Amino acid sequence: MIKVLFFLIFSWKMVAEKYVVDLNKPLVFQVGHLGEAYDEWVHQPIVSKEGPRFFESNFLEFFTRTVWWVIPIVWVPVASWFISNSVRIGIACPQVALFVVIGIFVWTFAEYMLHRFLFHVKTKSYWGNTLHYLLHGCHHKHPMDGLRLVFPPAAAAILATPIWNLVKLLCAPSIAPAVFGGVLLGYVMYDCTHYYLHHGQPKTDIPKSLKKYHLSHHYRLWNYGFGITSPLWDFVFGTVPPPPSKADSKSR
């Protein structure tokens, strides 16, 4: 009897100490309290097109929502400006086109590395969990929230700055703008493709395959399948999702 009573008291204490997120309240300043439990919680998706509230403040909340078409409107002119700088310097148009294509290819690598090592970094501290939720965790928790899917331009600019500095370091001044313009175009293709894979209804084989590939990352094996626009780097680095097992099929 004493052992049973001790077990009940211990169990109650464990439940009492376990933080529970209230989905009816703003989430951003709650998720940090999950500690080590955050990683498991954030990878249990809630499939609803209605997104959660992030902040109590309406002003802050406004900046967490971005419609997908803002991405090409903002970044295609910026990319064009960078590319035109290489043209004005005197680089021939065929060469500029080649460097733009190289920039797009560089983006596919950056896309993979950012997604795998930054967006899926494991955290357990209060501010680590909070920042990760804002960066990418919110998308895994609410994958159908269409207004938290693409990157707000300000956040994208923060990530783009070190990439631009790296391109300037590695490339000649005349070709760096064309390469970086290609990187930006690659980013636009990435974010628009990402939105389409969640909310579009592809009719042809390649888009259907990409959609299935990406949804596997969300709903089956989040630590595989980091490529969005292409599975190329997953093949290179061995992170292609294994095929579903018979047990997976039965569970569905």
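Okay, Phe109: it counts as partly exposed, because its relative accessibility is 33%, where partly exposed sits between buried, under 20%, and exposed, over 50% (1.4 Å probe, protein chains only). Phe109 is in helix H6; helices here are DSSP runs of H or I, at least four residues, numbered from the N terminus.

Quick caveat: this is a predicted model, with local features needing pLDDT of at least 70, side-chain atom pairs pLDDT 80 or more, and totals for chains, interfaces and linings using all residues. Numbering runs from 1 along each chain as its sequence is written, and side-chain values use heavy atoms, leaving out hydrogens and water.

Now, the core. Which residues touch the most other members of the largest nonpolar core? Those are Trp75, Trp107, Phe180, Tyr187 and Tyr190, out of 32 residues. By nonpolar core I mean buried Ala, Val, Leu, Ile, Met, Phe, Trp, Tyr and Cys joined through side-chain atoms within 4.5 Å. Two or more residues each come from H5, H6 (93-118), H8 (153-170) and H9 (176-199), and H9 gives the most, 10 residues. Take Trp75: leaving aside residues up to four places away in sequence, Trp75 touches Pro153, Ala156, Ala157, Leu184, Tyr187 and Val188, contact being heavy atoms within 4.5 Å. Another core, of 12 residues, lies apart from that one, with Val31, Phe54, Phe55 and Cys138 among them.

Last stop, Val87, in helix H5 (residues 70-89). Val87 counts as partly exposed because its relative accessibility is 37%. From Val87 to Tyr126 you go 39 residues along the chain, and their C-alpha atoms are separated by 48 Å.
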